[in-house]
Amino acid sequence: MTVLDTRALNRATLARQLLLDRAELPVIDAVAHLGGLQAQEPQEPFVGLWSRLRAFDPHTLSNLLTERRVVRTHLMRRTVHLVTADDALAWRARHDAMLRQRSVGAYRRELVGVDLDELAAAGRALLVDGGPRSMADLGRALAERWPEPGPRALGEVVIAALVPVVQMPPRGLWRVRAGVRNAPLASWLGREVDPLPRTGSDPVGQALVRRYLAAFGPAASADVRAWCGLAGLPTALAAMRDELVTFRDERGRELLDLPGAPRPDPETPAPVRFLPAFDNAVLGYHDRGRIIDDAHRGLSVTGARFVLVDGRVAATWSVRDGTVTVTPLRAFSRADRTAVAEQGGALASFLADGERHGFEIEASPR
């Protein structure tokens, strides 16, 4: 069985994630190809798409949100993701059990004695009859019936798990700051969530695996689980074995992939790329060693924004007083600094949207 080293996996990831060459794709097709973008920080997906698409216009993504063709909703890993409307409807039921388990598990003590089906029905009724609500507002209304758990537990469990909802615009629009107002997913899109098939073959799970491998492969089954948070995919993977190709990584793990998916030469040059907070190019794996060193892995769950140099995390970046500031995690060569400065200056201009902007690189660590 062919062994793929870390560099080969890195270049495959960059190619699948549209980070090796910026793509000439419509924005909605890019969101679909990536299986959505993690989006609890509302402005971060704009950077993620700017780094992946040529001539990306952020207003196009805003329009897709207001046109209800993409939505912000709790999905993979119980985190807020920006996904296409079609994917939200097709995938939500398959994620229900995971969402419920993770949300209820966080408030198990508070919810003792609460019938979750009754809580879901009450939450749905409030959202339908009373219009869009914040999580806090919904929790206070539910606490009138269930005072013991408290508004926070009630609101979060309903919004994050029990009732499929969307975060309505203007939340998530370009350069707009807005609070969260939640509306039922089915009402917002005018279509019901797709029910799970009554067969044991898990066709939705198979579709998720195919989409994951197209955007993240080659990958182990543990990587698929790390991306979506679903534990029950062995049935789907077993049913798909004949259509997949297999490799090994340097640790001996079995890696699965789609036969025709790109696996570039490991020596393919990788351009500098700026990633937003919580980008799935890093978070979408159990073994993140293909893109980030173990010494920096902890940064990936704290909301750090990363700079890729030669395909790997080499720096973090932030915006301070209108200036994009890069903080190297290792020494940069002169060529590295030039390439980082070129991309960083372009990002600063994009984020400023016509306003004053600046860029700087801090000193490299010794």
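How many nonpolar, polar and charged residues are in the lining of the second largest cavity? The tour ends there.

This is a predicted model, in which local features need pLDDT of at least 70 and side-chain atom pairs pLDDT 80 or more, while totals for chains, interfaces and linings use all residues. Residues are numbered from 1 along each chain as its sequence is written, and side-chain values use heavy atoms, without hydrogens and water.

Select residues 312-320 and 323-328, strands β11 and β12 (strands are DSSP E runs of at least two residues, helices H or I runs of at least four, numbered from the N terminus). The two strands pair antiparallel over 6 bridges; pairing requires at least two DSSP bridges. R320 sits opposite T323 of β12. In the turn of this hairpin, D321 has a positive phi of about 50°.

With helix α14 (residues 334-352), β12 and β13 form a right-handed β-α-β unit (clockwise from first strand over helix to second, strands pointing away from the viewer).

Next, select P42, P45, F46, L61, L65, R72, L82 and G172, which line the second largest cavity (points on a 1 Å grid over the protein atoms alone where a 1.4 Å probe fits but cannot get out; lining residues have an atom within 4 Å of a point). Helices α3 and α4 (58-66) each give two or more residues to this lining. By class, the lining has 6 nonpolar, 1 polar and 1 charged residues, with Gly counted as polar.

Key:
1 Å grid on protein atoms, 1.4 Å probe; cavity = no way out; pocket = protein on both sides within 12 Å on 5 of 7 lines; lining within 4 Å.
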